[in-house]
Amino acid sequence: MNIEENKKLWAKIVAKAWCDEAYKAELLNNPEQVLKAEGAEIPEGVRVHCGGRAEALDSGGHLSLLTACKPYYHT
């Protein structure tokens, strides 16, 4: 997968998590499984962490993904 494909896949996963609480819980608890089920390629030896806050970020052989806040509309 190239960078653009990865961006589109992650956008799809986040949007699905915003709409489905059970899917979001699974993503947060088992990110590697969910990403693989969605078609993501995770390099050997890379650990995946997923959270909603910047504090979840890590480094060194880890891939940290932020789900961001669900958008809302104010009128």
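Guide: Contact here means heavy atoms within 4.5 Å. The model is predicted.

Visitor: Among contacts between residues at least 6 apart in sequence, what percentage joins residues at least 24 apart?

Guide: The protein chain has three helices and two strands, in the order α-α-α-β-β from the N terminus. Among its contacts between residues at least 6 apart in sequence, the share that joins residues at least 24 apart is 28%.

Visitor: What percentage of the accessible surface belongs to carbon and sulfur atoms?

Guide: Of the 75 residues in the protein chain, 25% count as buried. The accessible surface of the chain is about 5600 Å², and the part belonging to carbon and sulfur atoms is 54%.

Visitor: Which element supplies the largest share of the largest nonpolar core?

Guide: The largest nonpolar core has 13 residues, and Trp10, Ile13, Tyr23, Leu27 and Leu35 have the most contacts inside it. At least two residues each come from helix 1 (3–19), helix 2 (21–29), helix 3 (31–37) and strand 1 (47–51). The largest share, five residues, comes from helix 1.

Visitor: How does the span of helix 1 stand against what is expected, and what is the expected value?

Guide: Helix 1 has 17 residues, and at its start a side-chain oxygen of Asn2 reaches to within 3.0 Å of the backbone nitrogen of Glu4. From first C-alpha to last, helix 1 reaches 25 Å, which is close to the expected 24 Å.

Visitor: Why do the buried residues of helix 1 lie on the same side, and what arc do they cover?

Guide: The buried residues of helix 1 are Leu9, Trp10, Ile13, Val14 and Ala17. They are on the same side of helix 1 because the arc they cover around the axis is only 135°.

Visitor: Which side chain makes a polar contact with the side chain of Glu38?

Guide: Glu38 sits in the loop between helix 3 and strand 1. Its relative accessibility is 18%, so Glu38 counts as buried, the cut-off being under 20%. Beyond neighbours within four places in sequence, Glu38 is in contact with Leu9, Lys12, Ile13, Lys16 and Tyr23. At 2.9 Å, the side chain that makes a polar contact with that of Glu38 belongs to Tyr23.

Visitor: Is Cys50 buried or exposed, and how far apart in space are Cys50 and Asn29, C-alpha to C-alpha?

Guide: Cys50 belongs to strand 1. With a relative accessibility of 12%, Cys50 counts as buried. Cys50 and Asn29 are 21 residues apart in sequence, and their C-alpha to C-alpha distance is 8.0 Å.

Visitor: What distance separates the C-alpha atoms of Met1 and Glu41?

Guide: Met1 is in the segment before helix 1, and it is partly exposed, with a relative accessible area of 42%. Leaving aside neighbours within four places in sequence, Met1 is in contact with Asn6, Leu9, Gly39 and Glu41. Met1 and Glu41 are 40 residues apart along the chain, yet their C-alpha atoms are separated by 7.4 Å.

Visitor: How far apart in space are Asn6 and Glu41, C-alpha to C-alpha?

Guide: Asn6 lies in helix 1 and, at 37% relative accessibility, counts as partly exposed. Asn6 and Glu41 are 35 residues apart in sequence, and their C-alpha to C-alpha distance is 9.1 Å.

Definitions and conventions
Residues are numbered from 1 along each chain as its sequence is written. This is a predicted model: local features need pLDDT of at least 70, side-chain atom pairs count only at pLDDT 80 or more; totals for chains, interfaces and linings use all residues. Side-chain values use heavy atoms; hydrogens and water are left out. A nonpolar core is a set of buried Ala, Val, Leu, Ile, Met, Phe, Trp, Tyr and Cys residues joined through side-chain atoms within 4.5 Å. Buried means under 20% relative accessible area, exposed over 50%, partly exposed in between (1.4 Å probe, protein chains only). Helices (H or I, at least four residues) and strands (E, at least two) are DSSP runs, numbered from the N terminus. Accessible areas come from the Shrake-Rupley method with a 1.4 Å probe; for residues, only the protein chains shown count as cover. The expected span of a helix is 1.5 Å times one less than its number of residues. The arc is that of the directions from the helix axis to the C-beta atoms. A polar contact is a pair of N or O atoms within 3.5 Å; within protein, one must be able to donate a hydrogen and the other to accept it, and residues adjacent in sequence count only if both atoms are side-chain atoms.
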